[in-house]
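Visitor: I am new to this structure and would like to learn how to read it, one feature at a time. Could you take me through it slowly?

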Amino acid sequence: MKRSRRVALLGTLAALALGATACGSSGSSSNPLGGGPSASSGATAAGGGATGGSGGSGGSGGTVVVGSANFPENVLLGSIYSQALKAKGVKVEEKFNIGSREVLYGQLQSGNLTVLPEYNGALLAYLDAKNTAVTTQDVNAALAKALPASLAVLDSSPAEDKDSLSVTQDTADKYNLKSIADLAAKAGEFTIGGPPEFKTRREQQFKDVYGLTFKEWKPTADTTANALKDGSIQVGNVFTTDPKIVQYKLVPLSDPKNVFGAQNVTPLINKAGVDANATAALNAVSAKLDTAGLTALMKRVSVDKEDPSAVAKDWLKANGLG
């Protein structure tokens, strides 16, 4: 849903599903809402359309259908949204683990889904690949213009799942590193790690924007956090909600010049199915959810293997929303 490495486009499967699914959807399997049972307690298995009297249209009959992509963070966010809505008396159906953005967006447009946890920057890139907005405010303003009249984004949370340059706590303390700009004095002594394509995409940008020239670039891919921990690199491209940030006590450096554009967790809705009560409940979640909190929750889900619905319930209770 958010990044190509996390959620594939599923183009082949979508093409196979196109002729087999109802409502004109471009599915990820023979049924785009058949992505497996919900990861949340009490959720329905995904079916061919919304149930509970909704007649395939999320929101009619008073039912809000909350969906999610098929990766753990998005399932967790879907469960947070769902339980927050239920706490406000909203009738909710859960359809989690569906698939990629291509599938989810079509289902939201058709009304088979009502609410999705999205990432504003990635959603904008999907809708308008040429848009250059990078700040949360500018991204959301561009989204308001790019979305069809039937859809809308609600309040963005401070929580972002985005690229970062991260260091160990020891390195941050030793060199007083708080932002990417602080690396300027030491970059020439540091080895930086990330995906194989990271050097090609970002080396010149870091030079131009922050004046950084690193000693060496290493292709560390999914082992970047581990490479930071063992000291084989000093700076790494780690996503900001990677649970290894908590597990290994890493420090994502702030990015005051916005090399990495906004990726705020943001509810995307079909307006016909979301009333003022539901809107208030979702906006209340956004007001409380921050990156550090989401990262801590993801450690519980991905490292400690706790049930996403239980983790969501705990967070909502702790924040007075459940």
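This is a predicted model: local features need pLDDT of at least 70, side-chain atom pairs count only at pLDDT 80 or more; totals for chains, interfaces and linings use all residues.

Visitor: Where does Asn258 lie, and what is the value of its phi?

Guide: Asn258 is found in the loop between S9 and strand S10 (265-270), and its phi is near 55°, a positive value in a residue other than glycine. Phi of Asn97 is likewise positive, near 60°, again in a residue other than glycine, and Asn97 is placed in the loop between S2 and H3.

Visitor: Which strands form the open sheet, and in what order?

Guide: The general idea is that strands of a sheet pair through backbone hydrogen bonds, in either a parallel or an antiparallel sense. In this structure five strands form an open sheet in the order S7-S6-S8-S5-S9, and the pairing is mixed. The edge strands are S7 and strand S9 (250-252), each of which pairs on one side only, and the twist from one strand to the next averages 30°.

Visitor: Do S6 and S7 pair in the parallel or the antiparallel sense, and over how many bridges?

Guide: Strand S6 pairs with strand S7 (residues 216-219) in the parallel sense, over four bridges. The chain gets from S6 to S7 by way of helix H7 (residues 198-210), and this β-α-β crossover is right-handed. Within the pairing, Ile192 stands opposite Trp217 in S7, while Gly194 has Pro219 as its bridge partner in S7. As for helix H7, it lies across S5, S6, S7 and S8, and runs at about 155° to S7.

Visitor: How many bridges join S6 to strand S8, and how many join S5 to S9?

Guide: S6 and strand S8 (residues 235-237) pair over two bridges, in the parallel sense, and Gly193 stands opposite Gly236 in S8. Strand S5 (residues 165-168) is joined to S9 by three bridges, and these two strands run antiparallel; here the bridge partner of Thr168 in S9 is Leu250.

Visitor: Are the two faces of strand S6 buried or exposed?

Guide: In a regular strand the side chains alternate between the two faces of the sheet. Both faces of strand S6 (residues 191-194) are covered, with Thr191 and Gly193 buried on one side and Ile192 and Gly194 buried on the other.

Visitor: Let us turn to the helices. At what angle do H4 and H5 pack, and how far apart are their axes?

Guide: Two packed helices are described by the angle between their axes and by the distance between those axes. Helix H4 (residues 120-127) and helix H5 (residues 136-146) pack at an angle of about 40°, with their axes 9 Å apart, which makes H4 oblique to H5. Their crossing is left-handed, and the contact involves residues including Leu123, Leu124 and Leu127 of H4, together with Val139, Leu143 and Ala146 of H5.

Visitor: Is the crossing of H2 and H12 left-handed or right-handed, and which residues meet there?

Guide: The crossing of H2 and H12 is right-handed. Helix H2 (residues 72-87) packs against helix H12 (residues 308-318) at an angle of about 50°, with the axes 8 Å apart, and the two helices are therefore oblique to each other. Among the residues that meet are Val75, Leu76 and Ile80 in H2 and Val311, Trp315 and Leu316 in H12.

Visitor: Finally, how far apart in sequence and in space are Gly99 and Asn70, and Ser150 and Gly273?

Guide: Gly99 and Asn70 are 29 residues apart in sequence, and their C-alpha atoms are 4.9 Å apart in space. Gly99 lies in the loop between strand S2 (91-95) and helix H3 (101-110), and it is buried, with a relative accessible area of 0%. Ser150 and Gly273, in turn, are 123 residues apart in sequence and 9.9 Å apart in space, C-alpha to C-alpha. Ser150 lies in the loop between H5 and strand S4 (151-153) and is partly exposed, with a relative accessible area of 34%. Leaving aside its neighbours within four places in sequence, Ser150 is in contact with Ile269, Asn270 and Lys271.

How values were computed
Residues are numbered from 1 along each chain as its sequence is written. Side-chain values use heavy atoms; hydrogens and water are left out. Buried means under 20% relative accessible area, exposed over 50%, partly exposed in between (1.4 Å probe, protein chains only). Two strands pair if DSSP finds at least two bridges between them. A crossover is right-handed if, with the strands pointing away from the viewer, the path from the first strand over the helix to the second runs clockwise. Axes are lines fitted to C-alpha atoms, for helices over the stretch in contact, and angles run from 0 to 180 degrees between N-to-C directions. Angles under 35 degrees count as roughly parallel, over 145 as roughly antiparallel, 65 to 115 as roughly perpendicular and the rest as oblique. A crossing is left-handed if the near helix is turned anticlockwise from the far one by less than a right angle, and right-handed if clockwise. Contact means heavy atoms within 4.5 Å.
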